[in-house]
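Please walk me through this structure, one chain at a time.

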Amino acid sequence: MELNQLQRSFLEYTAALFREGFLDSQFSQLYQLQDESNPEFVVEVVSLFFEDSERLINDLSRALDQTIVDFRKIDAHVHQLKGSSSSIGAQRVKNSCVSFRNFCEAQNIEECSKCLQQVKQEYLLIKNKLEALFQLEKQIVAAGGAINMVEWML
Amino acid sequence: MEACNCIEPQWPADELLMKYQYISDFFIALAYFSIPLELIYFVKKSAVFPYRWVLVQFGAFIVLCGATHLINLWTFTTHSRTVAVVMTTAKILTAVVSCATALMLVHIIPDLLSVKTRELFLKNKAAELDREMGLIRTQEETGRHVRMLTHEIRSTLDRHTILKTTLVELGRTLSLEECALWMPTRTGLELQLSYTLHHQNPVGFTVPIQLPMINQVFSTNRAVKISPSSPVARLRPSGKYMPGEVVAVRVPLLHLSNFQINDWPELSTKRYALMVLMLPSDSARQWHVHELELVEVVADQVAVALSHAAILEESMRARDLLMQQNVALDLARREAETAVRARNDFLAVMNHEMRTPMHAIIALSSLLQETELTPEQRLMVETILKSSNLLAALINDVLDLSKLEDGSLQLDMGTFNLHALFREALNLIKPIASVKKLSITLSLSSDLPEYAIGDEKRLMQVLLNVVGNAVKFSKEGSISISAFVAKSEYLRDPRAPEFFPIPSDNHFYLRIQVKDTGLGINPQDIPKLFTKFAQSQPLTTKNSSGGGLGLAICKRFVNLMEGQIWIESEGLGKGSTAIFIVKLGFPGHSNESRLPFVPKVPGNHMPTNFSGLKVVVMDDNSVGRMVTKGLLMHLGCDVLAVGSADECVRVVTPEHKVVFLDASVPGADTYEVAVRLHEKFSKRLDRPFIVALTGNTDRMVKENCSRVGMDGVVLKPISVDKMRSVLSELLEHGFLVESQ
C-alpha cells in the first residue's frame, strides 16, 4: 500500500480508538516520550502492559475460583491492573477495573465474576487493536515514513 | 209439500220472550264485538302489555262469542240449514277457543296477581326511601349548620368573639331560648357564668364544680340532657308553663401542651367549661339526635378555636417580650460602645500625658549619660534610664493593647540581626537575674540565620516579657533560652491543631523556648495566663506584679507574626517552659545552591533540560514504573527505578536529588519510605526531595504527606509538561508551592 494511504489509515484507526473510548490522552503522552534515545518506548511499555495484565487476569480468575474468596487479594490485583491500564491510557480497561473494585468492596462474588469477564473482554479488545495499530506502524516505517505525533495528539 | 231444509226452533215462539231474547242477543253481540276493539285501542295506547298472545286469544274468544250471539239472532225465526250450519260452526269454534282461553288463564292469572304484589312492595320501598331521604336531608342540614357555625367560630381569633359567636349561632340554628357558657374559675372549684345569649354582661353567678350532675356531664363527650331545675339551667325567670328541655355539654379548654404528637389528648386532667342550651319553653319541642350531635361537634370546634386563640395570644405576648428585650439589648450595646470609646479616649489622653514626662526623663537621662560622670553616678543614671525605658515600654504596652484590640496594629517589618537580638535581650536580663542569683543560658541553633526580616522591636518585647516572667517567678535555679529553626514536626502544637505552618522558600519559623526552674504553674491555670488582667493566684512574693497585660500582648504579637505561644508546666514548684514560634523572613534568597547544574535559560523561566539529574522512582506497578521512568528519561534525568520500599531506601544516595514515590499503593508504604528517608538523611542538605505521585489529592493525602515530611504531592496522570514544571519548581524553590 502507498505510504500516504497507510498513514491515513493509521490516523483514522487511532482517531477511532480515541473516539470510541478505548484509549485516552495518556496514550498520546507515551508517544511524546519516544525519542531517538528511546525509539521503541511505546511498544515496550505496551508489551509490558500485556504481560502484566495477562498475569493479573489469570491470578484473578484463580482467586475467584477459590472456595473462600480472598477479596483483599483480588482488590490488590485489580488495583494493579487499574494502575497499569491508566498508565498507558487503556481507558475502558481502567473503567471496568473501577467497577470491579466497587463490587470487590461489596464482596459480591457473582458481580465480581461478571466484572472479571468484562475486564478480560476489554483487555482482549484493546490488545487486538493495539497489535493492529503497531502492525500498521511497522508497515509505515517499512515504507519509509514516520508517525506524525502532533496530528493525532489529543 | 216441498221438503224444507229449514230448521224449526224447538219450542213455539213466544212473541215477547222472543223479542227480548232477540234484543239481548243483539246487544250481547254488540258488546262482544266492541270489547276487543276497546282492548286493542287501549293496549295500543299503553306502552307495556306483555301478554299479546293472550289478548289475541281473548279477542278471538270474544269475537266468536259475539258472532255466535249474532248468528243466534237469525235462529229465532225459521232459518235455513246454512244458517244452522254456520251457527254450529261458530259455536264449535267458540267452544274451542274459550276452553283454550280458560286453560291459558290458569297460567296467566297468578302472574298478574304477582305483579300486583310487586307493585305493593315497590310502593313500600318508595315510602321507606322517602323517609330516609328526609333523614339525610335533615343530616345534611345539620352538617351545613355545623360548617357554618364552625366557619363563624373559626373566623376570629379573639376568645370572646369566639364564644359569643358560638352562642349566638347555636341559638339561631337551633332556635334556642337561652344558651349559656359557664367557665371554671381560676381556682378551679367553681363554675362561673361567663356568657349568655341574652344578657350582655351576666352578673357572676357561680356554681360549685363538684355537683354530681356537672360531673356526669364532664365525664362524657356527649351532650347530656339535664333537668331544667338544676342550678346551671336556672337562668331565666321560670315561666308559668313547662320549661323547655335543657341539654348540657362539656367544652374542653385545651392548651398547647395538651396536644401530644401521637395520641389524642387524654381528657383526665383537663379543665372544662359547661355549655347549657335550653329549648324554648312551652313549645313541646324535643331534642333530636341530630341536634345533639350538632351540639357536640360545635363544642369540640369551640375547644379548638379557643386553643388557637390562646396560642395566638401567647405568641403575641412572646413577640412583645422579644421586642422589649431587643430594645434593652440595643441600649446596652450602645452603652457598651460608649464605654469603650470613652476608655479608648481616656487611654489615648493618659498615654499622651504620661509619655510626655517619660520622654523628658529619658531624653534628659540620655543627655546626662553623655556628660562627665563618676562611675557611681553613671551607674545611677543608667539604672534611671533603664527603668524609664521599661516604664515607657509599659505605657506603650497599654496603648498597644487598645490598638491591638481594634486590630489596627501593624508590624514594622525590617531586616535585623537575629543573633544580636538575643544577645541584647540577654544583656538586659542578666543584671536582674544575677541579683536573684539565677543563671541564664542562651543556645542558638547552628542553622539559625544571622539576619531575618520581621518586627524587631516587638519580637524583643515578647522575648523580654517571656524571659522577664521566667526571672520574676524563679527564686533560684537557672533559666535556659534556646532558639532554633523549627522543623515541621516541631511546629505542631497539640493544643492548636489548626495551626499547620508550612515553611516555604521565603520564610522560616523561629522557635524559642524559655525554660525556668521557678514556681511553676498549676496546669488548670494555664489557659487563663494569656487573658488580660487575670492573675493566676495572689502571689505572696514581693515581685508579684505578674498580672496584667504582658502575656496577653505577647500572645497578640505572636499571633500577628503568624505564630503560636504557649506555656507548659508540670505543676507548682516544678518550673515552667514558655515556647513560642514566630514566622520570620529570609533576607533575600538563600545563597546555598544545592544543585550545581540548574541552567536558567534567560527569558524563559523553565529549565528544559535536567540532563544528568539523578532521580529515583519507586512504583510497585511495573507498567507505571516504566512510564514514569520513560517520562523522566525523556526530560534527561538519570533514572533509577525500584519496585519496593526497602529497595528504595537502600538505593537512595546523597547524589540523588529527587525521589518520586508512587502513592497509589493502598498501604502505608509510601509514607514509611518518606519517614525512613528522613531518618537516613538527617542533614537537610543531603536529603533528596521527596515527591508523592498519587491519583488522589484530597486533604487526607496532603496532610499525611506533609506529616511525613514530603516536599510535594503531584496528581496523576502526569504529562511531560507537568513533570517538567514540577522538577523546575523543586530545584528552584525547594518545595512545591501547591500540589499539581
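**Chain A, then chain B**

Of the 154 residues of chain A, 47% count as buried (buried is under 20% relative accessible area, exposed over 50%, partly exposed in between, with a 1.4 Å probe and protein chains only). This is a predicted model: local features need pLDDT of at least 70, side-chain atom pairs count only at pLDDT 80 or more, and totals for chains, interfaces and linings use all residues. Residues are numbered from 1 along each chain as its sequence is written, chains are lettered from A and ligands numbered from 1 in the order in which they are written, and side-chain values use heavy atoms, with hydrogens and water left out.

Start with the fold of chain A. It has seven helices and zero strands (DSSP runs numbered from the N terminus, with helices being H or I of at least four residues and strands E of at least two). Along the sequence the pattern reads α-α-α-α-α-α-α. Take the contacts in chain A between residues at least 6 apart in sequence: 70% of them join residues at least 24 apart (contact means heavy atoms within 4.5 Å).

Now go to A:His79. UniProt, in an unreviewed entry, gives this residue the annotation "modified residue: Phosphohistidine" (positions follow the numbering used here, feature names are shortened, and annotations may be inferred rather than shown by experiment). A:His79 lies in helix 4 of chain A, residues 71–88. Is the residue buried or exposed? A:His79 is buried, because its relative accessible area is 15%.

Helix 4 of chain A has a partner. Two packed helices are described by the angle between their axes and the distance between the axes. Here the axes of helix 4 and helix 5 (residues 91–106) of chain A come within 9 Å and cross at roughly 160° (axes are lines fitted to C-alpha atoms, for helices over the stretch in contact, and angles run from 0 to 180 degrees between N-to-C directions). The two helices are therefore roughly antiparallel (over 145 degrees; under 35 is roughly parallel, 65 to 115 roughly perpendicular, the rest oblique). Their crossing is left-handed (the near helix is turned anticlockwise from the far one by less than a right angle; clockwise is right-handed). On the helix 4 side of chain A, the contact includes A:Ile74, A:Val78, A:His79 and A:Leu81. Helix 5 of chain A contributes residues including A:Cys97, A:Phe100 and A:Cys104. By class, this contact has nine nonpolar, three polar and four charged residues (Ala, Val, Leu, Ile, Met, Phe, Trp, Tyr, Cys and Pro are nonpolar, Asp, Glu, Lys and Arg charged, and the others, Gly among them, polar).

Helix 4 (residues 159–174) and helix 6 (residues 289–370) of chain B pack at about 165°, with axes 9 Å apart. These helices of chain B are therefore roughly antiparallel as well. Their crossing is right-handed. The contact of helix 4 with helix 6 of chain B has 12 nonpolar, two polar and three charged residues.

Finish at the annotated site in chain B. An unreviewed UniProt entry places a "binding site" at B:Asn469, B:Ala470, B:Val471, B:Lys472, B:Asp516, B:Lys532 and B:Leu551. B:Asp516 sits in strand 11 of chain B, residues 507–516. B:Asp516 is buried, at 8% relative accessible area. Leaving out residues up to four places away in sequence, B:Asp516 touches B:Ala470, B:Ser474, B:Ser478, B:Ile479, B:Gly575 and B:Ser576.
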